[in-house]
Amino acid sequence: TRNNLADGEKAGLVHAPRFPFPKKEAWWIILGQLKEGKIISIDKVGNSNKKVQHAIKFLAPPQGTYEFDLLIKSNGYVGVDQKLKVDMTTLDNSALPEYKVHPDDAELDDEPTLFEEMLNAHIEQDSDDDDSDEEDSDDEDQPQTEAAKKKEQLRKARQADKDDDDDDSDDEAEEVYADK
């Protein structure tokens, strides 16, 4: 809470007449365990409202009671930093509410990943290929999802690369030398 501001008023720039450019006030929120030398979370908060709330999200440690150090540091003023001790008790996983996957999210597992889509973007569609027509005739009876079709195309492209008979040797390459 900024006690020098009226309700609804926002903080201005940092008063630093010898600083080379205008500076906005911000706060660094650091959660850690100083005794162990661990930093758990570090966030920069640039909110200029009179009252500021900030949620710190981090992976909770195993069940038990822990003491953390919360450091609040200003990027613009000296002498206003704060250091607080925070006690936290974590619960057993069985005490937490059950997490249920939404059906729409479960269907996303059937979709190709971004990596698979990028690989599939380089596969050429060739309708004149006789080999693929014979292989596809067995699968026409079963409807395929879009993801299954893309995975099949990827498999065929890898097989085509494996069957490539092109000679990749450099025997016929001409050597070129630069004159100095």
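## Basis

Residues are numbered from 1 along each chain as its sequence is written. In this predicted model, local features need pLDDT of at least 70, side-chain atom pairs count only at pLDDT 80 or more, totals for chains, interfaces and linings use all residues, and side-chain values use heavy atoms, without hydrogens and water.

## Aromatic pairs

The whole structure holds three aromatic pairs. Rings of Phe, Tyr and Trp (its six-membered ring) pair if their centres lie within 6.5 Å; planes under 30 degrees apart are stacked, over 60 edge-to-face, the rest tilted. One of the pairs is Phe19 with Phe21, edge-to-face at 5.0 Å centre to centre and 65 degrees between the planes. Phe19 is partly exposed at 37% relative accessible area. Phe21 is partly exposed at 49%. Buried means under 20%, exposed over 50%, partly exposed in between (1.4 Å probe, protein chains only).

Phe58 and Phe68 also pair edge-to-face, at 5.9 Å and 70 degrees. Phe58 lies in the loop between β2 (38-45) and β3 (64-74) and Phe68 in strand β3, so the pair ties together parts ten residues apart in sequence. Strands (E, at least two residues) and helices (H or I, at least four) are DSSP runs, numbered from the N terminus. Phe58 is partly exposed at 27%; Phe68 is buried at 3%. Phe58, Tyr66 and Phe68 form one aromatic cluster.

## Negative patch

Asp104, Asp105, Glu107, Asp109, Asp110, Glu111, Glu117 and Glu146 form a negative surface patch. Helix α1 (residues 103-107) gives the largest share, three residues. Asp105 sits in helix α1 and is partly exposed at 43% relative accessibility.

Methods
Patch = residues over 30% accessible without salt bridge, like charges linked within 9 Å, V, L, I, M, F, W, Y side chains within 5 Å. Areas by Shrake-Rupley, 256 points an atom, 1.4 Å probe, with all protein chains shown as cover. Salt bridge = Lys/Arg side-chain N within 4 Å of Asp/Glu carboxyl O. Lys, Arg positive; Asp, Glu negative; His and termini not counted. Charge placed at Lys NZ, Arg CZ, Asp CG, Glu CD.
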